[in-house]
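Visitor: I'm new to reading protein models. Could you show me one and walk me through it?

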Amino acid sequence: MILPYDNTAELFGRYELELTEKQYQNFDLYAQLLVEWNEKINLTAITDPEGITVKHFLDSTLLFKYAEIADESGYIDVGTGAGFPGIPMKIYKNSLNCTLLDSLNKRINFLKEVSDKLGLPMNCIHSRAEEGGRKPELRGKFDVAVARAVAALPVLCEYCMPYVKVGGRFIAMKGPNEDYKEAYTAYKTLGGEIGEVMDYELPDGDKRRIIIINKVKETPAKYPRNSAQIGKKAL
């Protein structure tokens, strides 16, 4: 369901990422499940082998080229949807402790099946992002929070940064025009400082931007606010 191994390995190799046959097999099985489930619930508009390989799997795995994530780190993918970037991260670096959070239970059922079929332990949590960020078992518990979402960065910061422990990082995967400066008030209020901002291009020419925000102090207890408040006025 994805490009052949040699083609996929060559694409990964362009970015100095080595791809083993086992990783490839897991990616291929994940793609099969994605396409099967997509006929029952809306998971992705991208279902062709090249699109899945490049726009979902390679793009997600490129986090390891542009952001250093230590072995055995715990990360949470907030609003993971069909599992991007969280599942490709786990496939590529199995030593990481993966938590996937999404508000739709049907998607959680899909994510659990992927975890079972791949034999890769992933904690799949059904919760709205702003509600999960207030739960003691999740708040401030992760080395890394990641999100590949269309929401503006100030909004993503409020949804994601409460999950990150002091000394950890929030990594946002965004489009090329995302201006991190517009999120200054948000990440400062929530206990963050801007880290690195890196631009890159996928093999098909699509441009991307990774924005890393370092967590330097605890997020104040009143955040995250409820979704109505966040939607009405971002930080």
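Guide: Let's begin with some words: helices (H or I, at least four residues) and strands (E, at least two) are DSSP runs, numbered from the N terminus. The expected span of a helix is 1.5 Å times one less than its number of residues. This is a predicted model, where local features need pLDDT of at least 70 and side-chain atom pairs count only at pLDDT 80 or more, while totals for chains, interfaces and linings use all residues. Residues are numbered from 1 along each chain as its sequence is written, and side-chain values use heavy atoms, with hydrogens and water left out.

Visitor: How far apart are the end C-alpha atoms of α2, and what should α2 span?

Guide: Helix α2 has 18 residues, so at 1.5 Å a residue it should span 26 Å. That agrees with the model, where the end C-alpha atoms of α2 are 25 Å apart.

Visitor: What covers the buried residues of α2?

Guide: Buried means under 20% relative accessible area, exposed means over 50%, and partly exposed is in between (1.4 Å probe, protein chains only). In α2 the buried residues include Gln 23, Tyr 24, Phe 27, Tyr 30, Leu 34 and Trp 37. Contact here means heavy atoms within 4.5 Å. What covers those buried residues includes α1 (5-13), α3, α5 (86-92) and α6 (105-118).

Visitor: Which residues does Ile 171 touch?

Guide: Ile 171 is one of the residues with the most contacts inside the largest core. Not counting residues up to four places away in sequence, Ile 171 touches Leu 63, Ala 67, Ile 69, Val 144, Ala 145, Val 146, Ala 147, Ile 210, Ile 211 and Ile 212.

Visitor: How much space lies in the largest pocket, and which element gives the most to its lining?

Guide: Picture a 1 Å grid over the protein atoms alone: a pocket is an open set of points with protein on both sides within 12 Å along at least five of seven lines, where a 1.4 Å probe fits, and lining residues have an atom within 4 Å of a point. Of the 34 residues that line the largest pocket, the closest to its centre are Gly 79, Thr 80, Arg 148, Ala 149 and Val 150. The space in the largest pocket is about 830 Å³. Giving 3 residues, the element with the most in the lining is α3.

Visitor: Is Leu 138 buried or exposed?

Guide: Leu 138 sits in the loop between α7 and β4 (142-147). Leaving out residues up to four places away in sequence, Leu 138 touches Leu 101, Ile 125, Gly 132 and Tyr 163. Its relative accessibility is 6%, so Leu 138 counts as buried.

Visitor: Where is Gly 192, and is Gly 192 buried or exposed?

Guide: Gly 192 is in strand β6 (residues 192-201). Apart from neighbours within four places in sequence, Gly 192 is in contact with Met 161, Tyr 187, Ile 213, Asn 214, Lys 215 and Val 216. With a relative accessible area of 2%, Gly 192 is buried.

Visitor: What is the phi of Glu 16, and what is the phi of Glu 72?

Guide: Glu 16 is in the loop between α1 and α2, and is exposed, with a relative accessible area of 70%. Glu 72 is in the loop between α4 (63-66) and β1, and is exposed too, at 61%. Neither is a glycine, yet phi is positive: about 60 degrees for Glu 16 and near 70 degrees for Glu 72.

Note on methods
A nonpolar core is a set of buried Ala, Val, Leu, Ile, Met, Phe, Trp, Tyr and Cys residues joined through side-chain atoms within 4.5 Å. Grid points are joined across faces, edges and corners, and a volume is the space filled by probe spheres set on the points.
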